Amino acid sequence: MRRISRTLITAALVTAVVGGTAGWASGDSQEAVTGAPVGTAEWRAAGLPDPERMDPAGVARFFAGLSPVRQRELARTHPTVVGNLDGAPLELRYEANARTTQGAFGGARILAHDTRGRGQVALVYGDLARAEHIAVIVPGSDIDAGHMRPLTDMAASLRQATGGDAAVVAWAGYTTPVGVGLDAATGRLAEAGADRLTRFTDGLAAVGVPEPSLFCHSYGSVVCGLAARDLKAKDLVVFGSPGMRAGNVNELGTSARVWAAKDPTDWIDRIPNVEVGDLGHGADPTGPAFGARRIAADDAAGHAGYFAPGTSSLRTFAAIADGSVRTADDNRTADDSVRTADGSVRAGSVRAAAEARTEGDVR
C-alpha cells in the first residue's frame with residue numbers, strides 16, 4: 001500500500017506541475033550556468049590566479065594586494081572576469097560591468113552580468129558600500145537578463161517602502177526555470193542556484209557589506225532553502241513558496257530568522273506540499289508546524305502581489321529590511337512579541353510593528 005500511495009502522490013504532483021495548475025504552463029528544460037566567468041581563459045593566460053581556485057575571501061585578499069592603478073587596469077582588460085568575481089571591490093565591479101553593458105539597466109548599478117545562457121544579472125539600488133541594512137531579492141521562474149521587470153519592480157518597491165534606508169539587490173544570479181514544468185518541480189536548478197547564492201553572500205561579507213536579509217520568491221525560496229545552512233544572512237523571508245526542501249525551520253540549519261508569507265489568492269497554495277525523490281519541495285513554510293515567523297499577507301493579490309504598495313506584506317518586508325523589527329533570536333512565529341528599533345517591546349504581531357511605520361519617499 002505504501003508503494004501505491006507514493007506512486008499516486010508522485011503522479012498527482014507531476015500532473016499538477018506538467019499539466020498546468022491555475023495558469024501554470026509547462027516549461028523548457030534549462031541547463032544551469034555554473035563555473036568561472038566568461039573570459040577566464042584569457043585571465044589565466046595572463047598569469048592571474050585561477051578564479052575557480054579562490055573563494056570570495058581569497059579574491060578580496062588578491063585585490064587588496066594590488067595598487068588602485070593595477071586594479072583598474074584589470075577591470076579594463078578583463079571586465080567580464082572582474083565584474084563577476086564575488087569578493088572583488090564593489091566599485092571595481094561596477095566599473096567593469098559598465099564597460100560591458102553600456103548602462104543598460106535603467107539607473108541601477110550592475111554588480112554582476114554573466115552573458116552565458118539566458119543571462120544572469122545582479123542590480124544594486126542604493127549605496128551597497130555604506131548602507132547599514134541590505135536586502136537581496138531572489139526570484140523564481142522566468143527571470144533572466146532579458147526579463148527583469150518583475151524583479152526590478154520588487155526591488156524598487158521595497159527600497160521605496162524603507163524610505164531609502166536599505167540598499168536593495170535584485171539578484172538574478174542563477175538559471176531559473178522557464179514556465180513551471182519539471183524544472184520547477186525538481187531541485188536541480190535550485191541546487192546550482194544555491195551554490196551561486198552562497199558565493200554571492202560570501203562575496204558581500206568579504207568586502208565588508210553587512211549581512212543581508214534575503215527575500216525569496218516562489219522557486220527562489222527553494223534556492224534559499226537549499227543554501228540556508230551556508231548563507232551569510234540575518235533573515236530568510238519566503239513568500240509564494242512551494243517549499244524549502246526542509247520539513248521545518250530546524251532542518252534548514254540556519255541561524256537566520258525565518259519568515260514566511262502566502263496570500264489567500266496565491267495559486268501556489270494548490271500545489272501539493274510533498275517531496276518524493278526529486279519531485280516536490282516539501283512542507284509549506286507558512287504551516288504552523290514549520291516554525292517560521294508568519295507574515296500577514298491577506299491584502300496581497302495573486303502570486304506576485306506581495307510588494308504592492310499599501311499591503312501589509314510590503315510594510316512588514318520593509319520593517320525587516322531596514323532593521324526596524326526586532327524579535328527574540330529564535331524561530332518562533334511572528335505572533336510573538338516584537339522589539340522595535342528604539343528598544344521597546346510591543347506585544348502583538350509583526351503586522352502591528354510594520355503598520356506603525358510610515359512609508360516615506362526614497363532619500
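Contact, as the word is used in this report, means that heavy atoms lie within 4.5 Å. Helices (H or I, at least four residues) and strands (E, at least two) are DSSP runs, numbered from the N terminus.

The structure is a predicted model, in which local features need pLDDT of at least 70 and side-chain atom pairs count only at pLDDT 80 or more, while totals for chains, interfaces and linings use all residues. Residues are numbered from 1 along each chain as its sequence is written, and side-chain values use heavy atoms, with hydrogens and water left out.

**Confidence**

The protein chain has an average pLDDT (the predictor's confidence in each residue, from 0 to 100) of 86, and 82% of the residues score at least 70. Over residues 1-11 the pLDDT stays under 50, and the model has five contacts beyond four places in sequence for this stretch. Residues 13-25 also stay under 50, and for them the model has 29 contacts beyond four places in sequence. Where pLDDT is low, the predicted coordinates should not be read in detail.

**The sheet**

Eight strands form an open sheet with mixed pairing, in the order β1-β2-β4-β3-β5-β6-β7-β8; two strands pair if DSSP finds at least two bridges between them. Because β1 (109-114) and β8 (293-295) stand at the edges with a single partner strand each, one side of each is left without a neighbour in the sheet. From one strand to the next, the twist averages 20°. Strands β1 and β2 (residues 120-125) run antiparallel and are joined by five bridges, and Asp114 has Gln120 in β2 as its bridge partner.

Helix α6 (residues 90-101) touches β1 and β2, and its direction makes about 65° with that of β1. Helix α10 (residues 219-227) touches β3 (133-138), β5 (213-217) and β6 (235-239), and its direction makes about 135° with that of β5.

**Helix pairs**

| Helix pair | Axis distance | Angle |
|---|---|---|
| α4 (residues 68-77) and α6 | within 8 Å | roughly 30° |
| α7 (residues 149-161) and α12 (residues 312-321) | 9 Å | about 70° |
| α3 (residues 56-64) and α9 (residues 188-206) | within 8 Å | roughly 40° |

Angles under 35 degrees count as roughly parallel, over 145 as roughly antiparallel, 65 to 115 as roughly perpendicular and the rest as oblique. Helices α4 and α6 are therefore roughly parallel to each other. In this pair, Gln71, Arg72, Ala75 and Arg76 of α4 meet Leu92, Glu95, Ala96 and Arg99 of α6.

The angle between α7 and α12, about 70°, makes α7 roughly perpendicular to α12. Ser157, Leu158 and Ala161 of α7 make the contact with Leu314, Phe317, Ala318 and Ala321 of α12.

In the remaining pair, Pro56, Ala57, Val59 and Ala60 of α3 meet Arg199, Asp202, Gly203 and Ala206 of α9. The residues of this contact of α3 with α9 divide into five nonpolar, one polar and two charged, where Ala, Val, Leu, Ile, Met, Phe, Trp, Tyr, Cys and Pro count as nonpolar, Asp, Glu, Lys and Arg as charged, and the others, Gly among them, as polar.

How values were computed
Axes fitted to C-alpha atoms, helices over the stretch in contact; angles between N-to-C directions.
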